[in-house]
Amino acid sequence: MKRLKLFPKIFLYTMSIMLLVVVVTHGLIYLLAPRMQLAVRTQEDVVVSIRQEQFVTEAVEKALPISLSCSLLISVVCSLLFSKAIADPIKKISASTEQMMKLGHGANCPIHTKDEIGTLAQNVNDLYTNLLSIIEHLEREKDAVRDMERAKVDFLRAASHELKTPVTALNATLENMILGVGKYQDYATYLPECKEMVEQLSGMIHEILETSKLNLTAEPPKQVDVSELLAELCEPYQLIAAAHQITFSLDLPEQFPAVLPVGPFSKAVSNVLANAVAYTEAGKTVAVYMDENRLIIENECVPIPDDEIRRLFEPFYRPDFSRSRESGGNGLGLYIVDTLLTSMNIPYSFAPMKSPPGMCFTIQL
């Protein structure tokens with residue numbers, strides 16, 4: 001019986017019980033019926049009890065095969081119907097779970113009743129839905145980790161390439177000074193240049209190390225007044241703008257509460273402000289203001305073409321008009337901004353302006 005499937009097992013159990021009931025019932029009738037007394041009323045209203053065992057026995061023996069046959073037929077039909085009613089929903093659930101094992105998105109257990117079997121089917125559906133949700137979440141996490149690893153590899157390649165040029169130049173200069181080749185004998189002139197190269201390398205290495213730590217530590221978000229935070233962040237850049245004869249316009253609401261990780265958000269905004277001031281000429285304007293829940297940073301400059309904008313967020317990329325490190329930085333500013341805002345799930349956009357001509361960086365809070 002243990003190796004039988006559900007339908008024949010339920011059928012045999014049900015059939016056995018019904019046959020037992022039929023056999024016991026007919027056996028009792030066969031044994032007890034002949035012993036019953038018959039009461040006969042005569043014309044004189046006298047009740048006479050008689051025993052007619054042979055007569056009753058013959059009647060029972062004639063009726064017993066027909067009764068047993070009908071009872072057997074009814075037992076088989078009832079057993080089949082009962083077994084089918086119990087086994088079919090379970091077979092459907094089993095077939096559905098086989099499809100679920102293949103992780104098919106359309107797999108679903110049919111629910112036709114509200115009894116325990118219907119509850120079982122609903123629980124299986126809920127479990128499978130949660131399983132698919134977890135698998136999809138893990139797939140997204142896996143893709144995110146893969147993209148992150150690819151970005152790290154690309155960043156390290158770009159960093160090694162970026163460091164190679166100044167290191168080679170410094171090495172060549174020092175070697176020529178040691179050998180006393182031509183103009184490099186003038187140590188008073190070239191030693192300060194070597195020191196400047198070393199300082200540039202030190203700054204680049206510091207930025208590279210800071211950038212590599214962006215995804216290693218996650219600061220928990222907290223309630224902060226964005227207006228107060230922006231006022232503090234803009235203060236040093238207002239001084240820099242004034243020193244370069246740049247108009248710095250700041251228009252913020254009295255209060256703008258938001259839940260943000262203060263450190264990463266401050267670093268991202270600072271990098272945007274630094275770029276805005278660095279690429280604005282004297283006599284032009286840098287404007288920082290809030291429009292509903294958007295932080296907007298505008299600066300008047302030559303608009304950047306769309307094909308260049310897409311590449312500005314790559315590490316160490318500098319447009320053709322700012323290739324030198326003195327004027328174009330080290331190419332990590334907007335890469336850091338993109339990394340930080342993406343990790344905080346904060347949407348942003350960077351687009352050119354027509355009137356006045358310039359660039360507009362928008363952060364959606």
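**From a surface patch to the core**

A: Leu-81 lies in helix 2, which spans residues 53–101; helices (H or I, at least four residues) and strands (E, at least two) are DSSP runs, numbered from the N terminus. This is a predicted model, in which local features need pLDDT of at least 70 and side-chain atom pairs count only at pLDDT 80 or more, while totals for chains, interfaces and linings use all residues. Residues are numbered from 1 along each chain as its sequence is written, and side-chain values use heavy atoms, with hydrogens and water left out.

Leu-81 counts as exposed because its relative accessibility is 56%, where buried means under 20% relative accessible area, exposed over 50%, and partly exposed in between (1.4 Å probe, protein chains only). Together with Leu-73 and Val-77, Leu-81 makes a nonpolar surface patch of about 290 Å². Such areas come from the Shrake-Rupley method with a 1.4 Å probe, and for residues only the protein chains shown count as cover. Patches are made of residues with over 30% relative accessible area and no salt bridge, with like charges joined within 9 Å and nonpolar side chains (Val, Leu, Ile, Met, Phe, Trp, Tyr) within 5 Å; a salt bridge is a side-chain nitrogen of Lys or Arg within 4 Å of a carboxyl oxygen of Asp or Glu.

In soluble globular proteins, nonpolar side chains tend to be buried together. In this protein, buried residues make up 31% of the 365 residues, and the largest nonpolar core has 49 residues; a nonpolar core is a set of buried Ala, Val, Leu, Ile, Met, Phe, Trp, Tyr and Cys residues joined through side-chain atoms within 4.5 Å. Among the core residues that touch the most other members are Phe-248, Phe-265 and Leu-273. Helix 3 (116–179), helix 6 (262–278) and strand 9 (358–364) are among the elements that give two or more residues to this core, and helix 6 supplies its largest share, 8 residues.

Leaving aside neighbours within four places in sequence, Leu-273 is in contact (heavy atoms within 4.5 Å) with Leu-233, Cys-234, Tyr-237, Phe-248, Val-288 and Ile-297. Of these, Cys-234 counts as buried because its relative accessibility is 0%. Apart from this core lies another, of 8 residues, including Met-100 and Cys-109.
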